[in-house]
Amino acid sequence: MFWKACNFSSLPVENWNGEFTVFQPESGKTHFLNEMGLKILIILDQSPASLDTLCQKLSEYFTLQPDVQFPGQIARTLQRYEALGLIARVKESE
Amino acid sequence: MKVAQLSLNELRALLVGPGLRVKAGPFNLSIRTRLPSLIRQLHSLYSRYSLVEEDEIVEFHVQVIPRRSVRRPFARLIQFEVDGRFPFPPVPLEQALATLEWGVNLVIAARINHFLLFHSAAVERNGHVLLLPAWPGSGKTTLSAMLMYHGYRLFSDEFGLMEPQSGEFYPLPRLMPLKNQSIEVVRNRLPEAMLGPEIPGTLKGTVVHICPTQASIEQSDETARPRWIVFPKWSAGAAVRLEPLPQSEAFLLLATNAFNYEVLGKTAFNAVTNLVRGCECRKLVYSDFDEALAVLNALTDG
């Protein structure tokens with residue numbers, strides 16, 4: 001399964017010294033994200049990615065040590081983002 | 001023309017008849033009632049307010065009317081009405097003034113969307129607004145009342161009224177409900193203040209209204225830009241602390257305590273962003289007003 005961001009590049013984003021506010025016009029909601037939360041959206045906005053690929057890119061970007069719990073944490077974040085309408089599932093070919 | 005220039009009989013004729021049309025900051029208000037006790041209270045506590053010119057439109061038409069209860073046939077009850085609707089249940093006659101004031105606040109919070117409405121006190125010093133956002137029970141009404149008598153101009157104890165495009169704040173100096181222990185504090189510290197009657201048994205306990213100063217009401221057309229945002233918290237016995245607050249936290253606190261943030265959508269997002277970026281943000285913990293005044297004066301000097 002792949003994930004992609006929903007119109008992320010059109011969302012207003014404000015940087016508050018490493019914390020971010022993102023306004024989502026469709027829901028009228030403002031989301032508060034840390035740097036990794038925002039990076040997930042940026043990666044998925046550039047091209048659809050699987051959970052494994054996403055975790056690999058995040059680990060490289062943030063120079064993280066291997067952690068078996070990391071994919072599970074990211075998967076939960078993806079589910080939350082999907083519920084908020086920030087990302088959607090796509091087929092591999094899309 | 002001020003309400004003070006009306007005799008009690010003239011005021012009664014307006015309140016019983018077409019309505020008393022008074023200015024409340026950027027809003028015009030029409031009040032009707034035939035309750036003698038409320039008429040007397042308004043004659044005193046509204047004396048500093050200006051009447052609305054005849055050719056001006058009134059935004060809110062409210063009244064306080066007597067009610068009968070089948071279950072409590074001998075109880076003297078009243079109810080607040082706005083445009084034929086009754087947002088609160090009937091309450092004892094003695095609570096008429098408090099119900100009127102809370103009712104007007106409710107109408108402003110529910111209907112006004114051309115301003116971004118923060119749940120916040122606001123005062124002005126040295127030409128700039130000090131915003132004091134806080135949840136109920138944080139002591140912002142008492143703090144506002146005290147600041148009003150110590151060199152600050154009152155904008156409001158309840159609403160930070162921001163024009164979202166320009167970022168300008170609008171004064172809305174209305175009666176302020178002091179509650180419970182704060183009543184004695186203000187009585188002792190501000191003997192010159194104009195206070196209303198003691199109203200026991202409300203949902204918020206005993207309430208006494210304090211009237212804004214003449215200067216605050218007379219300058220209620222003078223808007224100002226914000227420069228400081230301070231989140232106050234009264235805490236018994238606490239030493240005074242005025243600490244920097246991260247802008248991200250200030251954004252979060254402001255956005256979540258605005259009455260109409262989600263209604264205004266992106267406009268509110270941009271307005272809060274610009275507000276926070278343009279202000280110094282602090283949190284204040286205090287138990288002693290003089291100590292709080294000293295640190296707020298230092299912050300707002302120059």
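Visitor: What share of the contacts in chain B with a separation of 6 or more joins residues 24 or more positions apart?

Guide: The share is 70%, where a contact means heavy atoms within 4.5 Å. This is a predicted model, in which local features need pLDDT of at least 70 and side-chain atom pairs count only at pLDDT 80 or more, while totals for chains, interfaces and linings use all residues. Residues are numbered from 1 along each chain as its sequence is written, and side-chain values use heavy atoms, with hydrogens and water left out.

Visitor: What makes chain B as compact as a globular protein of its length?

Guide: The globule rule is 2.2 Å times the number of residues to the power 0.38, and the radius of gyration is taken over C-alpha atoms. For 302 residues the rule gives 19 Å, and the radius of gyration of chain B is 19 Å, so chain B is as compact as a globular protein of that length.

Visitor: Why is Cys281(B) called buried?

Guide: Buried means under 20% relative accessible area (1.4 Å probe, protein chains only). Cys281(B) has 5% relative accessibility and therefore counts as buried. Cys211(B) is buried as well, with a relative accessible area of 0%. Of the 302 residues of chain B, 55% count as buried.

Methods
Chains are lettered from A and ligands numbered from 1 in the order in which they are written. Buried means under 20% relative accessible area, exposed over 50%, partly exposed in between (1.4 Å probe, protein chains only).
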